[in-house]
Amino acid sequence: MATFDSATDVTWSPDGRYAVVTTDDTYLSVADFADSTPTMVPPQRVDGLFVTWSPDGNRFVYIATTGDKYQDLR
């Protein structure tokens, strides 16, 4: 089950199935809301902020907060 005690931002995919949740420690994680009980899916706890989904909902971009190279995440 997906739980976020310190969420500061949520960005929904265009189809409303997924949400990228950013927490106050500047990590982001993805939750799948297709079922009645949301579940966590990869990626989890990625350093990043300011998420934006692609128009088709297959990918999202974000700003890395640790200087890491960008990853292709979805």
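**Stop 1: the whole chain**

Start at the N terminus and follow the elements: they run β-β-β-β-β-β. That makes 6 strands and 0 helices. Both kinds of element are DSSP runs numbered from the N terminus: helices are H or I with at least four residues, strands are E with at least two.

The model is predicted, so local features need pLDDT of at least 70 and side-chain atom pairs count only at pLDDT 80 or more, while totals for chains, interfaces and linings use all residues. Residues are numbered from 1 along each chain as its sequence is written, and side-chain values use heavy atoms, with hydrogens and water left out.

Now show the surface. The protein exposes about 4,700 Å², and carbon and sulfur atoms supply 50% of that. Accessible areas come from the Shrake-Rupley method with a 1.4 Å probe; for residues, only the protein chains shown count as cover. Of the 74 residues, 36% count as buried. Buried means under 20% relative accessible area, exposed means over 50%, and partly exposed lies in between (1.4 Å probe, protein chains only).

**Stop 2: the core**

Hide the surface. Select Y18, V20, L28, V30, V41, V46, V51, W53, F60, Y62 and A64. These 11 residues form the largest nonpolar core. Such a core is a set of buried Ala, Val, Leu, Ile, Met, Phe, Trp, Tyr and Cys residues joined through side-chain atoms within 4.5 Å. Which elements give two or more residues to this core? They are β2 (18–23), β3 (27–32), β4 (39–47), β5 (49–53) and β6 (60–63).

Stay with W53, F60 and Y62: ring pairs link them into a cluster. Rings of Phe, Tyr and Trp (its six-membered ring) pair if their centres lie within 6.5 Å; planes under 30 degrees apart count as stacked, over 60 as edge-to-face and the rest as tilted. The structure holds 3 aromatic pairs.

**Stop 3: W12 and F33**

Another of these pairs joins W12 and F33. The ring centres of W12 and F33 are 4.8 Å apart and the planes stand at 55°, so this pair is tilted. W12 sits in strand β1 and F33 in the loop between β3 and β4, 21 residues apart. Strand β1 covers residues 7–12.

V10, W12 and F33 make a nonpolar surface patch of about 270 Å². Patch residues have over 30% relative accessible area and no salt bridge; like charges are joined within 9 Å, nonpolar side chains (Val, Leu, Ile, Met, Phe, Trp, Tyr) within 5 Å.

**Stop 4: the salt bridges**

Side chains of opposite charge can pair when their charged atoms come close. Here there are 2 salt bridges, each a side-chain nitrogen of Lys or Arg within 4 Å of a carboxyl oxygen of Asp or Glu.

Select D32 and R17. Their closest N and O atoms are 2.8 Å apart. D32 is in strand β3 and R17 in the loop between β1 and β2, 15 residues apart. D32 is buried, at 9% relative accessible area, whereas R17 is partly exposed, at 34%.

Finish with R45 and D25. Their closest N and O atoms are 3.3 Å apart. R45 lies in strand β4 and D25 in the loop between β2 and β3, so the bridge ties together parts 20 residues apart in sequence. D25 is partly exposed, at 34%.
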